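Here's a quick tour for anyone opening this structure for the first time. Take a look at the sequence and the model, then read on.

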Amino acid sequence: MLPRPFTYHRPTSLDNAVALMARHVDDVSPYAGGTELLLAMKMHFADYEHLVDLKRIPDLCAIARNGDTLSIGALATHAAIATDAVIQEALPALAGLCGSIANARVRAAGTIGGNLCFAEPRADPPVLLSALDAELCLISVRGERRVAAGRFITGTLETTRAPDEILLRIEVPLKARTVRYERVVHGHRTVAGAAAVIEHDASAAPRIWLGCVATHPVALPNAETYVAANPGVLDNALTQAIASDIAPLNIADDEDAGADYRRHLAETVTIRAIAGTVQQEVRAS
Amino acid sequence: MTPAHKIALTLNGDQVEASVAAHTLLIDFLRDSHALNGVKRSCDMQVCGACTVLVDGRPMSSCTMLAVDADGASVATIEGLGGPEGLDPVQEAFLEHGALQCGFCTPGFILATKALLATNPSPSREEIEHHLSGNICRCTGYQKIIEAVESLVH
Ligand SMILES: Cc1cc2nc3c(=O)[nH]c(=O)nc-3n(C[C@H](O)[C@H](O)[C@H](O)COP(=O)(O)OP(=O)(O)OC[C@H]3O[C@@H](n4cnc5c(N)ncnc54)[C@H](O)[C@@H]3O)c2cc1C
Ligand code: FES
Ligand code: FES
């Protein structure tokens, strides 16, 4: 099917883009790689009067390390992140994930910002970025605002982004830590994905996040507490802690996996992510 | 009706100017306005790769890209490969290795291979499989395709 007709705007400056978003706020969508948006518009799940193409705005795809912060422009594609030397060195888990998402064409067009803003429940980067304690920077005519990655997505295709806001960049604090993302893919999408981030500073709490199973990524507090108290221990009690975090989640059947199977995979990928950090630490020492 | 947008692109080496509606998909622009029928539509959702074109050398699903996005870009389709002097080496390799049967997927596989070799001239078998995993072939069972690509690695 074809998308329904719309008015296409192609601003070449951020100021113009922000103004266009404000002017057409009642029926506007930012447009990046289009890998989700155009699909939804072709199927007529989504229709907008105005599309504001962000791809010709300079610098929105920049990737840079500023001291202890890694800054990733919202328009950076999965392919750019996967092959970026700075990210490969500072955050290989993210480079590896972006290099394995979808297929070569989706990686060449799809952006990290589009992935976050679409809030598809099976998206991987939001899980890892939440565990990494990343912050998102958004802009509108009201100015800039920051929000923790873990608080940005609130439900299926739902975020705290205001209709006229543009995601500018993602900032990831670079600390001494061990990072692992593990996922299971069925067909074309992830059915369970978990991130474990273990800080080398023993006083800082580990962060363990699960995604692609319920409506949006969630922290697993019991697992985090257990790992903090029992670093490096992979035992039955850890499995039970993880299971107790997963039990209350609202997990539904879908075309890729039944709810029971998803729960099982959720537990499995979480254990794998935690075990992966332990192995990496053993190897490093 | 939404206003038409003027676009200018390099298409298989030729300068092309056109006027397109914003919601025109690149695949329809290529097939309907330029008779480039080597660009195939199959899944229409970015999973099969039959509609693959190269945009500034990068593989793209033309089924899910707007024609206006090609403005200022260089677009290559299968029709742009080879010439009177002979086939492109990737096309030759596919022929030699029997890497096609019905041929529906072949333009996509060949263009995806061009993109891979341009950035990584000596990919491992694993890298070839990973890169081509987004292209679907219903006939060959992939073995001959992988062998054809491997034969191009020096
Ligand atoms: C076949 C296939 C397989 C996939 N597999 C995976 C997978 O395994 N794991 C995974 O995580 N993802 C997967 N994806 C999803 C993919 O990562 C996203 O499609 C892509 O990252 C979206 O980016 P985009 O630039 O194309 O966004 P678009 O489609 O352009 O936009 C998506 C949404 O975000 C909004 N938006 C985009 N950029 C901004 C911005 N800067 N500010 C504000 N709003 C913005 C748009 O308005 C729109 O609502 C897959 C997709 C496909 C098609
Ligand atoms: S038709 Fe475009 S990827 Fe299948
Ligand atoms: S040769 Fe028939 S689909 Fe590949």
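Sorted by class, the shell around ligand 1 holds 16 nonpolar, 12 polar and 6 charged residues. Keep in mind that this is a predicted model. In total, 34 residues surround the ligand, and the closest are A:Pro30, A:Thr35, A:Leu37, A:Thr111 and A:Asp124. As for where to find ligand 1, look between chains A and B.

| Residue | Atom of the residue | Atom of ligand 1 | Distance |
|---|---|---|---|
| A:Thr35 | polar side-chain atom | oxygen | 2.6 Å |
| A:Gly34 | polar backbone atom | oxygen | 2.7 Å |
| A:Arg189 | side-chain N or O atom | nitrogen | 3.3 Å |

On its own, ligand 1 would expose 970 Å², and the protein buries 97% of that. Which elements give two or more residues to its shell? In chain A they are strand S2 (28-31), helix H7 (112-118), strand S10 (166-173) and strand S12 (189-199). H7(A) provides the largest share, with 4 residues.

Now zoom out to the whole of chain A, which splits into domain 1 (7-50), domain 2 (63-173) and domain 3 (177-284). The C-alpha centres of domains 2 and 3 of chain A sit 20 Å apart, and each of these two domains puts 23 residues into their contact. About 1800 Å² is buried between them, with carbon and sulfur atoms giving 58% of it. On the domain 2 side, A:Arg122, A:Val127 and A:Ala131 supply 35% of the area buried against domain 3 of chain A, more than any other three residues.

Methods:
Residues are numbered from 1 along each chain as its sequence is written. Chains are lettered from A and ligands numbered from 1 in the order in which they are written. This is a predicted model: local features need pLDDT of at least 70, side-chain atom pairs count only at pLDDT 80 or more; totals for chains, interfaces and linings use all residues. Side-chain values use heavy atoms; hydrogens and water are left out. A residue is near a molecule or strand if one of its heavy atoms lies within 4 Å of it. A polar contact is a pair of N or O atoms within 3.5 Å; within protein, one must be able to donate a hydrogen and the other to accept it, and residues adjacent in sequence count only if both atoms are side-chain atoms. Accessible areas come from the Shrake-Rupley method with a 1.4 Å probe; for residues, only the protein chains shown count as cover. Ala, Val, Leu, Ile, Met, Phe, Trp, Tyr, Cys and Pro count as nonpolar, Asp, Glu, Lys and Arg as charged, and the others, Gly among them, as polar. Domain bounds come from an automatic or database domain assignment. Contact means heavy atoms within 4.5 Å. Buried area is the accessible area (1.4 Å probe) that two parts lose on being put together, summed over both.
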